[in-house]
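Let's take a walk through this model together, one piece at a time. Keep the viewer open so that you can follow along.

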Amino acid sequence: MSADNSCSDVSVPLRNILNSVQCVRDRVKDGESNESDAGVFNLTNFWDTLNQAVKAASQEATKLSLAFSKPPLPTQEDGVRLAESIQKSVLVLSTVYYWLPKSHGVSLRRLVRDATAEVLDGVVQLVDVIVSSPLQSLSQEQLQSTGGVWSACDKFEHLPRDNQAAVLGLLTSYVGVVKDAVEEMEQAQAESQDPFSDVLDDEDLESRGNQDTYWSEEDRQLMAPCQGLVKASAACLRKLSSAVKANGDVSTPENVAQLDDLADIAKEISPSVDDLALSLYPPMEYSGVEENACRLASVIKKVLDIVRASHVCLEADLNWVQFLYGAVDHNLHKIRALIQSSS
């Protein structure tokens with residue numbers, strides 16, 4: 001048999017497995033869990049089985065890569081066996097993922113789904129690279145693709161093990177994003193002088209009528225309550241994170257669902273902060289600032305409402321909830337008053 005015929009023969013099972021893994025991956029990204037098994041579901045057993053499935057997928061990907069790392073190519077029979085082993089490991093991994101019911105947390109399930117899909121993406125890329133150049137020696141692209149599968153599999157060790165940990169991780173990431181926005185706003189305000197002031201003469205500065213690149217005195221006055229509103233959003237996320245860490249409970253479906261609700265509404269804070277921050281850059285359009293400030297205030301209040309009605313809010317937590325309500329109203333009132341006085 002010629003080399004070309006051998007290449008063609010061994011490529012057939014690889015192309016078949018490529019299509020198969022792509023289909024499995026797409027179903028994982030779009031699929032739903034089997035809630036009928038929720039009553040007998042054991043989270044500890046799930047993680048043990050999932051970790052075994054991830055390890056098996058990593059090993060099978062490694063075998064496949066090694067088989068095509070140097071001549072001679074595997075026979076068609078060996079290629080079929082390799083393809084079947086990969087397919088089996090992929091199907092087992094996706095099946096175990098489906099075991100995780102949404103009643104144990106939508107936030108947790110999304111993270112597991114994304115991690116599972118990343119492994120399947122890595123396998124797809126690896127098989128595609130091998131199919132594209134099966135006769136070549138081990139290429140840099142094949143090495144990178146194999147490493148991509150390993151990296152995706154390694155991430156399972158760091159996944160949160162329940163919905164409380166999943167939601168806390170999400171909230172922590174939101175806190176970081178809003179904190180960065182606060183720091184950027186403070187830095188921009190500290191550098192709020194005309195950026196051309198150090199290169200123009202005094203007469204040129206006095207004659208400049210275009211303030212599109214720096215803030216007027218009215219703009220700077222409006223910045224203060226806007227910053228106050230953004231800082232209130234950051235404080236809201238920090239306090240919520242602490243409450244979830246201290247009081248979050250996953251022993252009942254109701255409490256699990258409440259944690260998901262908190263994560264979903266808290267996610268809206270960051271883009272609202274970004275919208276307000278962007279509208280504050282010169283030239284400042286006051287109508288846009290007011291609209292974005294109102295939207296951010298509304299989101300913060302929604303978060304506080306859901307916090308107050310949830311199990312993570314104990315009696316002592318009502319103090320900071322009410323304080324932040326007042327801070328939001330105070331800053332929004334100042335924003336509206338300043339804009340009205342300037343019109």
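**Where helix 8 meets helix 11**

Helix 8 brings Glu-218, Asp-219, Leu-222, Cys-226, Leu-229, Val-230, Ala-232, Ser-233, Cys-236 and Leu-240 to its meeting with helix 11, which contributes Tyr-286, Val-289, Ala-293, Leu-296, Ala-297, Ile-300, Val-303, Leu-304 and Val-307. Contact here means heavy atoms within 4.5 Å. By class, the residues of this contact divide into 16 nonpolar, one polar and two charged; Ala, Val, Leu, Ile, Met, Phe, Trp, Tyr, Cys and Pro count as nonpolar, Asp, Glu, Lys and Arg as charged, and the others, Gly among them, as polar.

You are looking at a predicted model, in which local features need pLDDT of at least 70 and side-chain atom pairs count only at pLDDT 80 or more, while totals for chains, interfaces and linings use all residues. Residues are numbered from 1 along each chain as its sequence is written, and side-chain values use heavy atoms, with hydrogens and water left out.

Now for the geometry of that pair. Helix 8 (residues 217-247) and helix 11 (residues 286-308) pack at an angle of about 20°, and their axes are 11 Å apart. Axes are lines fitted to C-alpha atoms, for helices over the stretch in contact, and angles run from 0 to 180 degrees between N-to-C directions. Helix 8 and helix 11 are therefore roughly parallel to each other; angles under 35 degrees count as roughly parallel, over 145 as roughly antiparallel, 65 to 115 as roughly perpendicular and the rest as oblique. The crossing of helix 8 past helix 11 is left-handed, a term used if the near helix is turned anticlockwise from the far one by less than a right angle, with right-handed if clockwise.

Let's step back to the whole chain. It holds twelve helices and zero strands; both are DSSP runs numbered from the N terminus, helices being H or I with at least four residues and strands E with at least two. Of its 343 residues, 45% count as buried, meaning under 20% relative accessible area, with exposed over 50% and partly exposed in between (1.4 Å probe, protein chains only). Among contacts between residues at least 6 apart in sequence, 81% join residues at least 24 apart.

Two further helix pairs are worth a visit. Helix 2 (residues 43-67) and helix 5 (residues 140-154) pack at about 170°, with axes 9 Å apart, and are therefore roughly antiparallel to each other. Helix 2 makes the contact through Val-54, Ser-58, Ala-61, Thr-62 and Ser-65, and helix 5 through Gln-142, Thr-146, Val-149, Trp-150 and Cys-153. The residues of this contact comprise five nonpolar, five polar and no charged. Also in helix 5 is Ser-145, which counts as buried at 2% relative accessibility. Not counting residues up to four places away in sequence, Ser-145 touches Gly-122, Gln-125, Leu-126 and Val-129.

Helix 3 (residues 76-99) and helix 4 (residues 106-132) have axes that come within 10 Å and cross at roughly 170°, and these two helices are therefore roughly antiparallel as well. Their contact has nine nonpolar, one polar and two charged residues.

What about the aromatic rings? Rings of Phe, Tyr and Trp (its six-membered ring) pair if their centres lie within 6.5 Å, with planes under 30 degrees apart counted as stacked, over 60 as edge-to-face and the rest as tilted. By this rule the count comes to four aromatic pairs. The rings of Phe-46 and Trp-47 have centres 5.3 Å apart and planes at 70°, so this pair is edge-to-face.

Next, look at the backbone of two loops. Most peptide bonds are trans. A cis bond joins Pro-71 and Pro-72, with omega about 0°, and Pro-72 sits in the loop between helix 2 and helix 3. Another cis bond joins Pro-282 and Pro-283, with omega about -5°; Pro-283 is found in the loop between helix 10 and helix 11.

Finally, return to helix 8, where Ala-243 lies. At 3% relative accessibility, Ala-243 counts as buried. Ala-243 and Val-312 are 69 residues apart in sequence and 5.6 Å apart in space, C-alpha to C-alpha. Leaving aside neighbours within four places in sequence, Ala-243 is in contact with Gly-248, Val-312 and Trp-320.
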